[in-house]
Amino acid sequence: MHAAPSLYPADFEDFFRQIYPRLVSRAGVTIADPASIPSHVHTALLRAWQTGVREPEVILDWLGPVPPPDLSRPADLLARVRTGGYSLAELAQAPDTDLTALRQAWTTAVAGLLPPEAQAAALASPWLMPITRWLADDLSPQEDHELRHWMDQDPAHVALFDAVYEAWEASAPPPPAPAPDVTAAWEAFRAVLPRTRRRWPASVWMGATAMLLAAASIGWLWFVRPGEQYQADTLPLNLQAAAGYTFHLMPGSTLTLRGDEATLAGEATIYIRAGSSLRIRTEDIHATLGPGNCVLMARPDTARLSVSAGEATLRVHNQALPLRTGQTGVWSSRTRKLYSQP
């Protein structure tokens with residue numbers, strides 16, 4: 001008797017192999033065993049398999065916010081950029097992190113690589129920050145042009161640049177950790193997927209209907225009764241409404257639907273067919289969703305709306321943020337800021 005094959009969309013193995021190294025890099029973890037899958041990376045991949053989401057930026061966003069850098073520890077900041085693969089702009093997205101303060105801390109950290117007798121003079125130069133930002137690939141094209149123009153003006157300027165660059169190169173980071181074994185990781189991931197006695201043909205998985213079938217194979221599919229509250233416990237819950245909405249609730253989430261208005265606590269992938277629209281709110285935000293699909297996440301201090309296809313508007317108090325395909329809107333109740341991410 002042959003073991004029953006795993007039930008998964010025909011394209012998912014190729015997608016897994018494409019996205020997995022990026023997820024591991026973005027997670028900022030060092031993998032002792034190249035075949036192991038970090039737990040939060042595994043969770044993000046499982047969600048992608050369950051919901052049919054294939055947009056890499058949406059899945060990367062599921063890993064959560066960038067861990068905030070410790071600006072008081074230069075070695076930590078250097079390691080985050082040099083070996084962790086983060087840009088200064090990415091680190092600045094962490095909660096309560098200011099880009100100007102981050103750049104200043106970065107400049108101070110790089111200056112610390114210079115010989116002690118050269119550090120004071122370097123820190124006194126207003127061009128030290130552009131040089132260190134160049135090392136971190138943090139300059140705009142215009143800023144890069146200005147730096148090169150400054151270097152052309154005086155050999156002493158070139159000498160400062162060379163001194164910083166040589167100190168940077170002399171303190172080269174240790175060799176990177178072994179690359180993840182994508183094949184072994186895929187086999188480990190596939191082994192924990194639900195089993196079935198027959199393999200679905202690839203055509204079944206095409207289009208929005210395919211996403212729903214993939215999700216329904218894991219949770220239950222319910223037809224929503226207006227005014228009732230639905231809760232996903234340990235498994236995802238799939239809900240379909242006559243008005244043209246399909247909801248894929250993640251475990252621990254609840255949903256109430258009344259007409260074309262819904263209330264969500266937790267997280268859901270939402271599909272809206274052509275000709276329909278939905279108004280949905282969480283504890284902190286209101287959103288208007290047009291035809292397409294998106295992922296809405298409501299946490300105690302953060303709300304995040306990622307539009308995979310279509311258009312939506314995110315509203316908080318008197319602020320409104322329109323979103324299009326591929327964009328994410330974020331509201332932080334701690335900073336009271338509403339902003340978008342590409």
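Of the 342 residues in the protein, 45% are buried. The model is predicted, and its secondary structure comes to 12 helices and 12 strands. Among the contacts in the protein with a separation of 6 or more, 48% join residues 24 or more positions apart.

**Confidence in the model**

- The mean pLDDT of the protein is 76, and 75% of its residues reach 70 or more.
- Among the elements of the protein, helix α9 (residues 141-153) has the highest mean pLDDT, 93, whereas strand β1 (residues 220-223) has the lowest, 41.
- The pLDDT is below 50 over residues 1-8, a stretch that has 25 contacts in the model beyond near neighbours in sequence.
- The pLDDT is also below 50 over residues 194-224, and this stretch has 66 contacts in the model beyond near neighbours in sequence.
- Where pLDDT is low, predicted coordinates should not be read in detail.

**The nonpolar cores**

- The largest nonpolar core holds 32 residues, of which Ile270, Leu278, Ile280, Leu289 and Leu305 touch the most other members.
- At least two residues of this core are supplied by each of the strands β3 (237-241), β4 (245-249), β5 (254-258), β6 (261-272), β7 (278-281), β8 (286-298), β9 (302-316) and β10 (319-324).
- Strand β9 provides the largest share of this core, with 6 residues.
- Leu305 touches residues including Ala287, Leu289, Cys294, Val295 and Leu296, when residues up to four places away in sequence are not counted.
- A second, separate core has 28 residues, including Ala109, Ala122, Ala136 and Trp150.

- Ser308 is found in strand β9. With a relative accessible area of 6%, Ser308 is buried, because a residue counts as buried under 20%.
- Leaving aside neighbours within four places in sequence, Ser308 is in contact with Glu55, Val58, Asn293, Cys294 and Thr325.
- Asp301 lies in the loop between β8 and β9. Its relative accessible area is 27%, and Asp301 is therefore partly exposed, a class that runs between the 20% and 50% cut-offs.
- Asp301 touches Trp331, Ser332, Ser333 and Arg334, not counting residues up to four places away in sequence.
- Asp301 and Thr335 are 34 residues apart along the chain, and their C-alpha atoms are separated by 9.4 Å.

**Helix α4 and its contact with α6**

- Helix α4 (residues 74-82) packs against helix α6 (residues 99-111) at an angle of about 100 degrees, with the axes 9 Å apart. Angles of 65 to 115 degrees count as roughly perpendicular, and α4 and α6 are therefore roughly perpendicular to each other.
- On the α4 side, the contact is made by Pro74, Leu77, Leu78 and Val81. These meet Leu102, Ala105, Trp106, Ala109 and Val110 in α6.
- The residues of this contact divide into 9 nonpolar, no polar and no charged.
- The buried residues of α4 are Asp76, Leu77, Leu78, Arg80 and Val81. Their cover includes α5 (88-91), α6 and α10.

- The buried residues of α8 are Leu128, Pro130, Ile131, Thr132, Arg133 and Leu135.
- Helices α6, α7 (116-124), α9 and α10 are included in what covers the buried residues of α8.
- Asp137 follows α8 and has a positive phi, near 55 degrees.

**The contact of α9 with α10**

- The axes of α9 and helix α10 (residues 155-170) come within 5 Å and cross at roughly 120 degrees.
- By class, the contact of α9 with α10 has 5 nonpolar, 2 polar and no charged residues.

Definitions and conventions
Residues are numbered from 1 along each chain as its sequence is written. This is a predicted model: local features need pLDDT of at least 70, side-chain atom pairs count only at pLDDT 80 or more; totals for chains, interfaces and linings use all residues. Side-chain values use heavy atoms; hydrogens and water are left out. Axes are lines fitted to C-alpha atoms, for helices over the stretch in contact, and angles run from 0 to 180 degrees between N-to-C directions. Helices (H or I, at least four residues) and strands (E, at least two) are DSSP runs, numbered from the N terminus. Angles under 35 degrees count as roughly parallel, over 145 as roughly antiparallel, 65 to 115 as roughly perpendicular and the rest as oblique. Contact means heavy atoms within 4.5 Å. Ala, Val, Leu, Ile, Met, Phe, Trp, Tyr, Cys and Pro count as nonpolar, Asp, Glu, Lys and Arg as charged, and the others, Gly among them, as polar. pLDDT is the predictor's confidence in each residue, from 0 to 100. A nonpolar core is a set of buried Ala, Val, Leu, Ile, Met, Phe, Trp, Tyr and Cys residues joined through side-chain atoms within 4.5 Å. Buried means under 20% relative accessible area, exposed over 50%, partly exposed in between (1.4 Å probe, protein chains only).
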